[in-house]
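Okay, thanks for coming, everyone. Let me put the structure up and then walk you through a few spots.

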Amino acid sequence: MAKILGTSLQAADQVALLRTLGLLLQIGLTMFAADTFGLSLQMEPLVHVLVLEVLYLSLTLALRKPLFAKERGLFIALSLDTLFWISWLHFSGGATNAFISLLLLPIALAAVTLPIWAPWALTAISTLAYSLMIFTVPESPMQHHGMDMSSHYLGMWFNFVISALVMTTSVALITKRMRRQDAQLAYMREGQLRQEQLLALGTASAQMAHQLATPLSSLRLLLDEVKEDMSGTSITVVEMETALGRCEHTLAELRLATESIRDRRQRPQKIAELVDSLKQKTLLLMPQTELNWLFTCAPEQLAEQSILTDMSLTPAIMALIENAARASVETLGAPQVDISLDIVPSEDQIYLQIRDYGAGIAPSLLPQLGTLLIESPKGLGVALLLSHASLERLGAELILANHPQGGTVAQIRFTILKDKAASLSPNIQAAGGVRS
């Protein structure tokens, strides 16, 4: 029953329940069990302490959700709980109170719910208070039936210190480890969800690509017949042939990319080759786009440094360029995109930045774009999701941010391949024979 109750309550409610039980324990011991456990009660100050604690606890219970939403609020509440426990113990026997170990309760709650500095602070407060109680114990309680109880109370104090230190270190470290494991599990669940979405998108894309092959073949035959029937050339026919050629080229590349990903054909590629490929693809597929290339590295570095690529890399970058061009059109009326390339050999990093002149991205969407399908007026972010997955598989990282002067910046961080890894070994040649 306790387990079911604990799992059904939120963290703030669980802490509130334990604090309420602590107050009820104080009242019960004061009113009904003082003689049983030999408590030396000072009733007048105890009544004031209990009244204040009831009022304080009622207030914090009513405001527990906003109060405990921040670590500072919970720490202040547990600190005041500790002071009320110290006050109750002081007026009910001090160090001779058999329930002195209840000072460990706020420490335990802090060790489970707060960072490691919080239980250490409460341990210091409780230990200092307990030490003062030890030094202020009157002589009469130290003598019990002719026996010297000072060593017994000193042993209780030492046991309290050891228990507090063990709780502060071990419980806090175990809780920290559990939080880290929970974060890793959450990250893995997000990754699994992303993989399921990619699998669904890949399945749908493969089916649609298979269905497009036959209509494209029929359109090619019909277009050839139209050209034979016409005596001259027509601009419309030329544009139709160009568009059909792009569709056929894209479909062929999709097939090659599918085979490359399936067979895990990854290979080293020089940065200069990647830049040339992007320029050719842009001229072929996006001839109206104005690309402004900015190289902050020497030309020989482009020809020397290599990264890991496969058939999906160029389409992933092209999707980012196409998104940037579309965003610039909405604001400037022209597809203008800035692309900068920087090589930092000391960090083994290559930075490729794609900037548009659009309206930017809402800050609430920035952490989610590229990792999940996000519904927005411009679409679902499928292109970003696929680009992010392709780059992640190659060991690259995609970071989206708003530019200070307007627009969005998509930064891709590649890892430079070392000379040994960049050399085409027989295994890499066998797996990476397809050029992008």
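This is a predicted model: local features need pLDDT of at least 70, side-chain atom pairs count only at pLDDT 80 or more; totals for chains, interfaces and linings use all residues.

Residues are numbered from 1 along each chain as its sequence is written, and side-chain values use heavy atoms, with hydrogens and water left out.

So, aromatics. The structure has six aromatic pairs, meaning ring centres of Phe, Tyr or Trp (its six-membered ring) within 6.5 Å, called stacked with planes under 30 degrees apart, edge-to-face over 60 and tilted for the rest. One of them is Phe37 with Phe99, edge-to-face, at 5.0 Å centre to centre and 80° between the planes. Phe37 sits in the loop between helix 2 and helix 3, and Phe99 in the loop between helix 5 (71-90) and helix 6 (104-113), so this pair ties together parts 62 residues apart in sequence. Helices here are DSSP runs (H or I, at least four residues), numbered from the N terminus.

Buried or exposed, what is Phe99? Buried, at 18% relative accessible area, while Phe37 is partly exposed at 43%. The cut-offs: buried is under 20%, exposed over 50%, partly exposed in between, with a 1.4 Å probe and protein chains only.

Last stop, helix 13. That one covers residues 313-332, and its buried residues include Leu313, Ile317 and Leu320.

Note on methods: Helices (H or I, at least four residues) and strands (E, at least two) are DSSP runs, numbered from the N terminus. The expected span of a helix is 1.5 Å times one less than its number of residues.
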